[in-house]
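Open the model in your viewer and keep the selection tool at hand. The tour goes from one selection to the next.

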Amino acid sequence: MSILAGIGWHVVGAASAASFYAPIEKVKKWSWETTWAVAGLFSWILLPISVSLMLLPNFVDFYASIGAHVLWPVALFGAMWGVGNIGYGLTMRYLGMSLGIGIAIGVTLVVGTLIPPIRHGQTAMLFTTRSGLLTMAGVLVALIGVAVVSYAGHQKEVKLRGEPREFNLRLGLLLAILCGVFSSGMSFAIDAAKPMEAAALHLGVNPLYAALPSYVFIMGGGAVVNLSYCFIRLAVLKKISLRDDIAQPSTTLMRNGALAATGGIMWYLQFFFYAWGAANIPQHLSYVNWMLHMSIYVLCGGLVGLALGEWAGVGTRPVRILWVGMSIIILAANLVGLGLAS
């Protein structure tokens, strides 16, 4: 039951991740940079700090007790994720949204799932135990499912908008692979933050919440990269003006701020519930959490797209392909569940 609960919480987190951009898309008369910065202020700074202030007996003393040898890698891996996050824009520019994100997520899924157990000397377990073999089969099947869903999305985009104007397969693939590798920094950061989780448990923090204090440094590292990128663009590019964004009527400012904040909160909630899911997965198999999160994220993304009518007018073939891909991802999650239970 604990394992089923863990997978269930990963579904909740992935659904939040797949839906977070819906309110952001409704922001009007603001540049993308301002919108992203406001959303990031909530998701990467305010919420992680607020949650940790509520959980920890002494906020400052907790982080002072951890040591720089833990905090620096956690923050740097968070910054690594931040670079990958920015890279999504260039990837979509040359491959289109579905194909670019699909390839990047596929790379992130594989790299973020396999590197942590390899670092901890668990490579043999992946190929010599029943749980390891089922997990590896789940990763492979999930990768196939992501590829099928991405292909369906690419077919949808071609039918609705045609190929991207700057479509470049070679450059796009290179950027997607680099983006996927750097985005795996979130998985590496969560793994590197295990001593922080243990320290929180030692203080009596509920196991469901014990990983959350580490998000202050994980998301803080990503915030430095993302916010720097946004503010540099706002300061340097003449066609993007922060002054124009904040000169809107107060009703527009309040509406845009509320929508961006909602998107940021939903983005944070994906890792809030990721922590709940991980708390229910056996620690020696913790590497499967990333695979579950990323594959279910693609599954939920497809479902959200269908619910919002994004597939209307594309014909039946792309939708059928989408359902096949989502069914494959569900199969992958079941394989991992069997591996966890064995």
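**Stop one: a surface leucine**

Select Leu 178, which counts as partly exposed because its relative accessibility is 43%; buried means under 20% relative accessible area, exposed over 50%, and partly exposed in between (1.4 Å probe, protein chains only). This is a predicted model, in which local features need pLDDT of at least 70 and side-chain atom pairs count only at pLDDT 80 or more, while totals for chains, interfaces and linings use all residues. Residues are numbered from 1 along each chain as its sequence is written, and side-chain values use heavy atoms, without hydrogens and water.

Leu 178 lies in helix α9 (helices are DSSP runs of H or I, at least four residues, numbered from the N terminus).

**Stop two: aromatic pairs**

The structure holds 24 aromatic pairs. Rings of Phe, Tyr and Trp (its six-membered ring) pair if their centres lie within 6.5 Å; planes under 30 degrees apart count as stacked, over 60 as edge-to-face and the rest as tilted.

Select Tyr 215 and Phe 271: the ring centres are 6.4 Å apart and the planes are at 80°, so this pair is edge-to-face. Tyr 215 is in helix α12 (residues 215-236) and Phe 271 in helix α14 (residues 250-279), 56 residues apart, so the pair links distant parts of the chain. Both Tyr 215 and Phe 271 are buried.

Next, select Tyr 268 and Phe 272, whose ring centres are 6.3 Å apart with planes at 50°, so the pair is tilted. About one helical turn separates Tyr 268 and Phe 272, because they are four residues apart in helix α14. Both Tyr 268 and Phe 272 are buried.

Notes
Helix = DSSP H or I, 4+ residues; strand = E, 2+ residues; numbered from the N terminus.
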